[in-house]
Amino acid sequence: MRVYCAADYYHASRVAANIISAQVIMKPDCVLGLATGSTPIGTYEQLIRWYEKGDLDFSQVHSINLDEYRGLSPENDQSYRYFMNTHLFDKINIDKKNTYVPDGLEPDKEKACRDYEEIIHAHGGVDLQILGLGHNGHIGFNEPGSVFEKETHCVALTENTRQANARFFASMDEVPTEAYTMGIKSIMQAKKIMVIVSGESKREIVKKAFHGPITPEVPASVLQLHSDVILVGDEAALAGF
């Protein structure tokens, strides 16, 4: 595992963006595994700036997102498709037909998961998977206790997860109860994985995930078994790592 410790969130985002840029330049038709949430926003903003300068070309890139709320349309401003369009896709020259997010409106759970897994395999897998890290060690929507051998599946969101996301919705009743997510097996099949962390609140879980025992109770700990993992973070998150 390679570790890059930056001074602050801004510089960590630049490091992460550099790694993604190198992937795109080395393999213009690469498959990027993308994540939502507050952590990668700075990375996406940096990629947009370099694209606007003419340094990057995303025209041949394919992207496959980690997860999506079940029941939300792509037009819903809390859907992850909407997030990706707003924070990245609408601002670069990627072909939207080559960007994939689980279908939150597919009523058949098994079909939604099967279709998404087929998309991943049809593209030869993910070249570079970007991950955030939850305070309890979750990656994607794979919460503690998740089975390591699962591929894309539908998960019932924990009450803690729903409470954490409630601030984005008008009321608790509007917070989705389920989500589609790449499973840990799907994530582990990526050729390269980059985890981005920021802030003092992530310090303890970073240690547990990368220096503690490998256990489903800390889903990210399975990344210790991957052959090519990059950890990018600021000093607050990586102090004492």
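Guide: Let's start with strand S9 (residues 192-197), which is joined to S10 by five bridges, the two running parallel. Two strands are paired when DSSP finds at least two bridges between them. Helices (H or I, at least four residues) and strands (E, at least two) are DSSP runs, numbered from the N terminus.

A word on what you are looking at: this is a predicted model, in which local features need pLDDT of at least 70 and side-chain atom pairs count only at pLDDT 80 or more, while totals for chains, interfaces and linings use all residues. Residues are numbered from 1 along each chain as its sequence is written, and side-chain values use heavy atoms, with hydrogens and water left out.

Back to our strand. Within S10, Ile-230 is the bridge partner of Met-194. S10 is also joined to S1 by five bridges, again in parallel, and here Tyr-4 stands opposite Val-232 of S10. Six of the six residues of S10 (residues 229-234) are buried, so the strand is largely enclosed by the rest of the structure. Buried means under 20% relative accessible area, exposed means over 50%, and partly exposed is in between (1.4 Å probe, protein chains only). In a regular strand the side chains alternate between the two faces of the sheet. Both faces of S10 are covered: Val-229, Leu-231 and Gly-233 are buried on one side, and Ile-230, Val-232 and Asp-234 on the other.

Now step back to the sheet that holds S10. Its seven strands form an open sheet in the order S1-S10-S9-S6-S2-S3-S5, with parallel pairing. At the edges stand S1 (2-6) and S5 (99-100), each with a single partner strand, so one side of each has no neighbour in the sheet. Further along the order, S2 (residues 31-34) pairs with S6 in the parallel sense over two bridges, and Gly-33 has Gln-129 as its bridge partner in S6.

Ala-112, Cys-113, Tyr-116, Glu-117 and Ile-120 are buried in H4. These residues cover an arc of only 125° around the axis, which puts them on the same side of H4; the arc is that of the directions from the helix axis to the C-beta atoms. Glu-110 and Ala-122, on the other side of H4, are exposed. The cover over the buried residues of H4 includes two strands of our sheet, S3 (62-65) and S5, along with S7, S8 (178-181) and helix H6 (184-188). After H4 comes Gly-124, with a positive phi near 80°.

One last stop is the loop between S6 and S7, where Ser-146 has its place. Ser-146 is buried, with a relative accessible area of 15%. Leaving out residues up to four places away in sequence, Ser-146 touches Ile-184 and Pro-216, contact meaning heavy atoms within 4.5 Å.
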